[in-house]
Amino acid sequence: MILEVGFIPILESRKNEFEDALRSAVENLQAQAERRIAAIELAYKTAVSVPMITRDYATLRDVIDGLRQGTDINYIVVTDTSGVVLAASGLPADQSVPSPDAPSQGDMRPVRFGVDVMGQTYGHVHYGLNMGFLKEARSALLAQGTAIAGLALVFSAVLLYAVGF
């Protein structure tokens, strides 16, 4: 009975601490993802603006194919101001461009930004950012926290048993 009474507050306290740490870690990862989106926007805008302005769509296709290589970008689509697809990489031709206003689709977050040069809009870049790292990080943190909590519980029980409770 004493052992049970002593453990319940400790377990509740550790559970709350763990939930706070997990929430904080996920919030930090989401903030990091937002910073990555801002950096991608700047880099992609710079890379696609010249081919868009000069209407060099073959080069535009080569540029977006290169941008997508070896990254966590599922697809990139460049459209003009009226929504006509100028170049696409990673998105099947029969699939429409996912809206950034729509809910995330699995581990993929649709993102869209305008390509503006000197105040004139030439079109938009749409891409799908793979957010699977958030799920993986959350699972890893949960597994680590559970293991640590389990070990702490075992050590506490052994210690209480050793001192005579």
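**Figure 1. The whole chain at a glance.** Of the 165 residues of the chain, 26% count as buried, where buried means under 20% relative accessible area, exposed means over 50%, and partly exposed is what falls in between (1.4 Å probe, protein chains only). This is a predicted model, so local features need pLDDT of at least 70 and side-chain atom pairs count only at pLDDT 80 or more, while totals for chains, interfaces and linings use all residues. Residues are numbered from 1 along each chain as its sequence is written, and side-chain values use heavy atoms, with hydrogens and water left out. The chain has three helices and four strands, and along the sequence they come in the pattern α-α-β-β-β-β-α. Both kinds of element are DSSP runs numbered from the N terminus: H or I with at least four residues for helices, E with at least two for strands. Contacts in the chain with a separation of 6 or more include 56% between residues 24 or more positions apart; a contact here means heavy atoms within 4.5 Å.

Figure 2. Glu34 pairs up with Arg109 in a salt bridge, and their closest N and O atoms are 2.4 Å apart. Since Glu34 sits in helix 1 (residues 2-53) and Arg109 in strand 3 (residues 108-117), the pair ties together parts that are 75 residues apart in sequence. A search of the whole structure turns up four salt bridges.

Figure 3. Lys45 has a relative accessible area of 22% and is partly exposed, as is Glu41 at 28%. Now for helix 2 (residues 57-68): Arg61 and Asp65 are four residues apart there, so about one helical turn separates them. Their side chains meet in a salt bridge of 2.9 Å, N to O. Arg61 comes out partly exposed at 39%, and Asp65 is partly exposed at 22%.

**Figure 4. The second largest pocket.** How much space lies in this pocket? About 180 Å³, where the volume is the space filled by probe spheres set on grid points joined across faces, edges and corners. The search runs on a 1 Å grid over the protein atoms alone; a pocket is an open set of points with protein on both sides within 12 Å along at least five of seven lines, and lining residues have an atom within 4 Å of a point. Residues to look for in the lining include Met52, Ile53, Asp80, Leu86, Gln120 and Tyr122. Helix 1 and strand 4 (120-130) are the elements that give two or more residues to the lining. Strand 4 supplies the largest share, three residues. Sorted by class, the lining has five nonpolar, three polar and two charged residues. For that count, Ala, Val, Leu, Ile, Met, Phe, Trp, Tyr, Cys and Pro are nonpolar, Asp, Glu, Lys and Arg are charged, and the others, Gly among them, are polar.

**Figure 5. His126 and Thr79, side chain to side chain.** His126 is in strand 4, while Thr79 is in strand 1 (residues 73-79). Is His126 buried or exposed? His126 is buried, with a relative accessible area of 9%, and Thr79 is buried too, at 3%. Their side chains are joined by a polar contact of 3.1 Å, meaning a pair of N or O atoms within 3.5 Å; within protein, one must be able to donate a hydrogen and the other to accept it, and residues adjacent in sequence count only if both atoms are side-chain atoms. Not counting residues up to four places away in sequence, His126 touches several others, among them Tyr75, Val97 and Arg112. Leaving out its own neighbours within four places, Thr79 is in contact with residues including Met52, Leu86 and Tyr122.

**Figure 6. Ser99 in its loop.** Ser99 lies in the loop between strand 2 (85-89) and strand 3, and is partly exposed at 32% relative accessibility. Ser99 and Tyr127 are 28 residues apart in sequence, and in space they are 9.8 Å apart, C-alpha to C-alpha.

Definitions and conventions. 1 Å grid on protein atoms, 1.4 Å probe; cavity = no way out; pocket = protein on both sides within 12 Å on 5 of 7 lines; lining within 4 Å.
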